[in-house]
Amino acid sequence: METAVRLAEQYRGGKLENIHFGHVCGVDEHGQVVYRAGDPEWTAYMRSAAKPFQAIPAFVHGAPEAFGLTGKEKTLMTASHRAEPYQVEALEAMMAKIGLGEEQLICSRSHPLSPSARDEMLLAHKPKRRLYHNCSGKHMGILAYSKLRGYPLESYGEPHHPAQAEVLDTIAYMADYPKEHIHVGIDGCGFPVHALPIKHIARMFLKLACPDLIADEAASRAAGDIGRLMNEHAEMVSAPWFICSILLKDPNIVAKGGAKGVYGFALRKERIGFALKVLDGSEDAWPTVIASILEQIGYSNPDTIERLYALAPKEIRNDGGAVVGENQAVFRLTPNQ
């Protein structure tokens, strides 16, 4: 905590009510830190921010094409979907094409993360499903890859499964970070989850946005396809009302967040990658922090910034619509000289 900075604050009635501490790092195409607030070496679990990279081995070996997946279905391999009806329809088609039974997914049975989809399900007395879990697309992607390669299906979530070992190699390669230094834990969905310094997470996202920076041709093509699909089918990555899909509506940006406050994004034209970690694990601060990053670097698309502030308005209103406080970013990016 000694190196953390105040990222965002909320005031109510003129009194400070909440503080979100954390770290922000921006890197250039040479992998050098060019912007910082806090500690670029802060180690964070990537959580669901890793999903686009976890999909790379499957894309490299043509698993999506082998099973005839559409662009939207491919994109679900990178997604933290909200189980909106259109997403469930695509997931069910994906499952049928791969030839999977829903019981083969190790993620838990869940309610949809979409409030409207959840309410509709509860009103209809429908049971929880593994397919509704926000990671189900990622799980089906790894199962499809394992099926294509002849790997065991029942142990696909184990850290030493060959598909998971390839994912770890891919993350180390994309991050320019030694594999033996990556700490591996278990995510909420049952998958291995990887922790590494945020400056290396920022490098990963820059390579996803600018795949010409990837020396391996197959990995470069896969990363380019994944980033393009995420922009083309932004509504599949989370939902139209969530930050990931909103950022991905900007064709210059590739972005993905993960649980407990970690977020990565990169700008294609500017060739800068960013990663941040909100230390209290809150996602509420993401729009404010990312909007401030874009403002501070002079980002050229004000519409993207406005969409972020629409998610987290500067004015805090009560249930009756009255302004009762304010929400603001309070950090300053320090350019590295």
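Is D169 buried, partly exposed or exposed? A few friendly notes on the salt bridges follow.

1. D169 is partly exposed, at 35% relative accessibility. Here buried stands for under 20% relative accessible area, exposed for over 50%, and partly exposed for what lies in between (1.4 Å probe, protein chains only). Please keep in mind that this is a predicted model, in which local features need pLDDT of at least 70, side-chain atom pairs count only at pLDDT 80 or more, and totals for chains, interfaces and linings use all residues. Residues are numbered from 1 along each chain as its sequence is written, and side-chain values use heavy atoms, with hydrogens and water left out.

2. The structure has 16 salt bridges, each defined as a side-chain nitrogen of Lys or Arg within 4 Å of a carboxyl oxygen of Asp or Glu. One of them pairs D169 with K179, at 2.9 Å from N to O. D169 sits in helix 8 (162–175) and K179 in the loop between that helix and strand 5 (183–186), so the bridge ties together parts 10 residues apart in sequence. Helices (H or I, at least four residues) and strands (E, at least two) are DSSP runs, numbered from the N terminus. K179 is also partly exposed, at 40%.

3. The loop between helix 8 and strand 5 also holds D176, which is linked to K207 in helix 9 (residues 198–209), 31 residues apart. The closest N and O atoms of K207 and D176 are 3.0 Å apart. K207 is buried at 9%, while D176 is partly exposed at 43%.

4. E29, D212 and R271 belong to one network, joined by salt bridges that share partners.

5. E9 and R6 form a salt bridge with closest N and O atoms 2.7 Å apart. E9 is buried at 5%, whereas R6 is partly exposed at 37%.
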